[in-house]
Amino acid sequence: MPTTLDALVARSRRIEVEQIDIDAFRSHPLDDASLACLRYMCDIESHTVCYLCELLATPVHADPAITRFLACWVYEEQFHGDAIGKILTAHGLAGAPDAAATLRRARRARDWLRLVGFSVFSPIAPALPGLLMAWGMVNELTTQAGYARLVARAEHPALTGVLTEIMKQEGRHIDFYTMQARALLERPRDQRIVRSALARFWAPVGSGVKSNEEVRALISTLFTGPGGPEVVARIDRRIERLPGLAGLHLVTSSVERLLPGFGRRAA
Ligand SMILES: [Fe+2]
Ligand SMILES: [Fe+2]
């Protein structure tokens with residue numbers, strides 16, 4: 001039976017942050033590279049509510065079916081950030097609220113400008129909702145893959161437990177954005193615009209919020225090892241099943257720009 005929006009909303013729940021076994025991290029701490037990945041992920045998950053601001057400034061807000069899901073989506077993402085933040089605090093690092101406050105203070109002017117840009121230009125860009133849904137699909141696919149790679153890398157049972165729960169929710173987010181993108185990419189003209197905009201502007205999740213060095217370090221840690229480029233190629237094949245996006249190689253090309261030679265590492 002195909003997944004429906006109602007089914008996705010009905011299964012929405014928060015991660016039980018209180019149940020995370022902090023002692024398991026205190027007795028067996030994570031290595032520095034894994035913690036750097038978690039810092040990045042915590043900051044970006046906690047920043048999701050700012051992306052929601054931008055989404056709601058576009059005509060997307062006029063569709064109650066979409067906003068119904070987005071309300072659940074931002075709720076779940078909030079607790080992804082909180083859960084990862086709790087793991088970071090077990091290592092003596094800043095948790096989600098402190099890191100989010102610092103990040104938002106630093107980005108106040110840029111975030112305001114982006115919001116104005118979305119508000120002013122979205123009414124004259126009819127392909128924008130389709131682009132935002134396709135963009136969300138790519139972000140959710142790559143985020144889920146990042147968590148899976150970190151689980152495999154860290155081999156830490158308590159981390160595996162938390163990230164497995166998060167990955168299940170990211171799977172529902174993927175289903176939602178894929179459904180919406182497919183529905184909104186019916187017209188060949190929209191497909192052409194979305195394809196071109198993704199190719200020109202899409203960059204790995206967190207780009208523009210985290211520094212280029214941090215983006216590069218995250219991808220290096222998670223995706224340049226054995227099997228990493230193949231995971232990225234599989235994500236590209238899923239994206240290319242959307243109407244008009246065949247042969248785009250979106251994520252591989254974008255990572256290639258950050259880490260030249262990445263695409264040639266695939267077995
Ligand atoms: Fe998330
Ligand atoms: Fe997500």
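1. The UniProt annotation "transmembrane region", from an unreviewed entry, covers residues 112–135; UniProt positions are in the numbering used here, feature names are shortened, and annotations may be inferred rather than shown by experiment. In this predicted model, the end C-alpha atoms of that span lie 21 Å apart, and the span is 75% helix and 0% strand. Helices (H or I, at least four residues) and strands (E, at least two) are DSSP runs, numbered from the N terminus.

2. Some ground rules. Residues are numbered from 1 along each chain as its sequence is written, while chains are lettered from A and ligands numbered from 1 in the order in which they are written. Local features need pLDDT of at least 70 and side-chain atom pairs count only at pLDDT 80 or more, whereas totals for chains, interfaces and linings use all residues; side-chain values use heavy atoms, with hydrogens and water left out.

3. On to the metal. The iron ion (ligand 2) is coordinated by Glu77 (OE), Glu140 (OE), Glu140 (OE), Glu170 (OE) and His173 (ND1), at 1.9 to 2.7 Å. Donors here are N, O and S atoms within 2.8 Å of the metal (3.2 Å for Na, K and Ca), and sites may look incomplete because water is not among the atoms. Along the chain, the donors follow the spacing E-x62-E-x29-E-x2-H. Glu77 also bridges to the iron ion (ligand 1), and the two ions lie 3.6 Å apart.

4. Look at the helix H9 pair next. Glu170 and His173 are about one helical turn apart, because 3 residues separate them in that helix. Glu170 is buried at a relative accessible area of 0%, and His173 is buried at 0% too. Buried means under 20% relative accessible area, exposed over 50%, and partly exposed in between (1.4 Å probe, protein chains only).

5. Arg172 is found in helix H9 (residues 157–184) and counts as buried at 9% relative accessibility. The Arg172 side chain reaches the backbone oxygen of Arg11 at 2.9 Å. Leaving aside residues up to four places away in sequence, Arg172 touches Leu8, Arg11, Ser12, Arg13, Phe69 and Glu76, where contact means heavy atoms within 4.5 Å.

6. Two backbone angles to check. Glu155, in the loop between helix H8 (128–154) and H9, has a positive phi near 45° without being a glycine, and counts as exposed at 68% relative accessibility. His249 is not a glycine either, yet has a positive phi of about 50°; His249 sits in the loop between helix H12 (228–239) and helix H13 (250–258) and is partly exposed at 45%.

Definitions and conventions:
Polar contact = N/O pair within 3.5 Å; in protein donor to acceptor, adjacent residues only side chain to side chain.
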